[in-house]
2 protein chains.
Amino acid sequence: MAKINKINHVAIVVADLDQALTFWRDALGIELSHVEDVPSQKAAVAFLPVGDSEVELVKPTSDDSGTAKFLAERGGGMHHLCFEVDDITAKLAELKEKGVRLINETPMELPGRKMAFIHPKSTGGVLVELYEVLH
Amino acid sequence: MAKINKINHVAIVVADLDQALTFWRDALGIELSHVEDVPSQKAAVAFLPVGDSEVELVKPTSDDSGTAKFLAERGGGMHHLCFEVDDITAKLAELKEKGVRLINETPMELPGRKMAFIHPKSTGGVLVELYEVLH
């Protein structure tokens, strides 16, 4: 069985990155690594490493994305939970075999990483991302 | 400034622990450490360590708890995000000083640990728990 190694990140949708950073960085005290525009997700993302994982603050940059809808409906909050897996292709095959509903049956490939989402219908309401770091 | 060391756990509210474990343990493959009745939280909790953190599946055991309300309103999902801090008393004082709204101004004490919740009004909609391990 492909192995889940750790929580890679918890993604939190926010309306305004600067305002969100006044809590997560300035008050709570988690250091900001960097802010990056992520066109594939139609978002600007602030990365805040903590321990062996990250908090990612996600600001939608377009109205037609899943995170933009989430922001409009819920006003922000925890959006998805991402686990690092050693072999994402094998893990997706195992999940499919077990009847788990996948959003991405084959992983999306970006430089240095592959990722895929599992449908919340199969997880009890949690949007779960799988993430493989390519070496 | 008191230091946030890592994500201690992500708490996920579920209607049924056995059913939830068919996804988190059996399909996703995160090992179950143990299930514990936690009367202080009016819940039964399944602990699934992953990397340096844990996934906690929280099944309300009473109708009048915050998690029971969350389950009734949202049907379950990610409920709170817990960070381990080296000095929770100092961190709560810092947060209060910065105008952050706290649910617990002084930490709750349980054997081996102290914990406190920060109000979602101050975090952009995320219920944040702080946790100090007592040595």
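Keep in mind that the model is predicted.

I'll start with the interface. On the chain B side, 41 residues are in contact, and they meet 41 residues of chain A. As a general point, the size of an interface is often given as the accessible area lost when the parts come together. Here the two chains bury about 2,900 Å² between them, and carbon and sulfur atoms account for 77% of that. Three residues, B:Phe23, B:Leu28 and B:Met78, supply 21% of the area that chain B buries against chain A, more than any other three residues.

What about charged and polar pairs across this interface? Between chain B and chain A there are zero salt bridges, while six residue pairs are in polar contact. Several elements of chain B each supply at least two residues to the side that touches chain A, among them strand E1 (4–13), helix H1 (17–27) and strand E5 (77–85). Sorted by class, that side of chain B has 21 nonpolar, 13 polar and seven charged residues.

Next, strand E1 of chain B. Is E1(B) mostly covered or mostly open? Nine of its ten residues are buried, so under the 20% cut-off the strand is mostly covered. E1(B) pairs with E5(B) in the antiparallel sense, over eight bridges, and there B:Val13 stands opposite B:Gly77. With E4(B), the pairing of E1(B) is parallel, over five bridges, and B:His9 stands opposite B:Glu54.

Now the salt bridges. In general, side chains of opposite charge can pair when their charged atoms come close. Over all chains, the structure holds twelve salt bridges.

One of them joins B:Glu84 and B:Lys6, with the closest N and O atoms 3.9 Å apart. This pair links distant parts of the chain, since B:Glu84 is in strand E5 and B:Lys6 is in strand E1, 78 residues apart. Both B:Glu84 and B:Lys6 are buried. In chain A, salt bridges with shared partners join A:Lys6, A:Asp52 and A:Glu84 into one network.

Another pair is A:Lys91 and A:Glu94, at 3.2 Å between the closest N and O atoms. Where do A:Lys91 and A:Glu94 sit in relation to each other? Both are in helix H3 of chain A, and because they are three residues apart, about one helical turn separates them. A:Lys91 is buried at 0% relative accessibility, and A:Glu94 is buried at 17%.

The last pair is A:Asp26 with A:Arg25, at 2.7 Å, N to O. A:Asp26 is partly exposed at 33% relative accessible area, and A:Arg25 is partly exposed at 32%.

Terms used. Residues numbered from 1 in each chain as written. Chains lettered and ligands numbered in written order. Predicted model: local features only at pLDDT ≥ 70, side-chain atom pairs only at ≥ 80, totals over all residues. Heavy atoms only, no water. Contact = heavy atoms within 4.5 Å. Buried area = accessible area lost by both parts, 1.4 Å probe. Salt bridge = Lys/Arg side-chain N within 4 Å of Asp/Glu carboxyl O. Polar contact = N/O pair within 3.5 Å; in protein donor to acceptor, adjacent residues only side chain to side chain. Helix = DSSP H or I, 4+ residues; strand = E, 2+ residues; numbered from the N terminus. Nonpolar A, V, L, I, M, F, W, Y, C, P; charged D, E, K, R; others polar. Buried < 20%, exposed > 50% of the residue type's maximum accessible area, 1.4 Å probe, protein only. Pairing = 2+ DSSP bridges.
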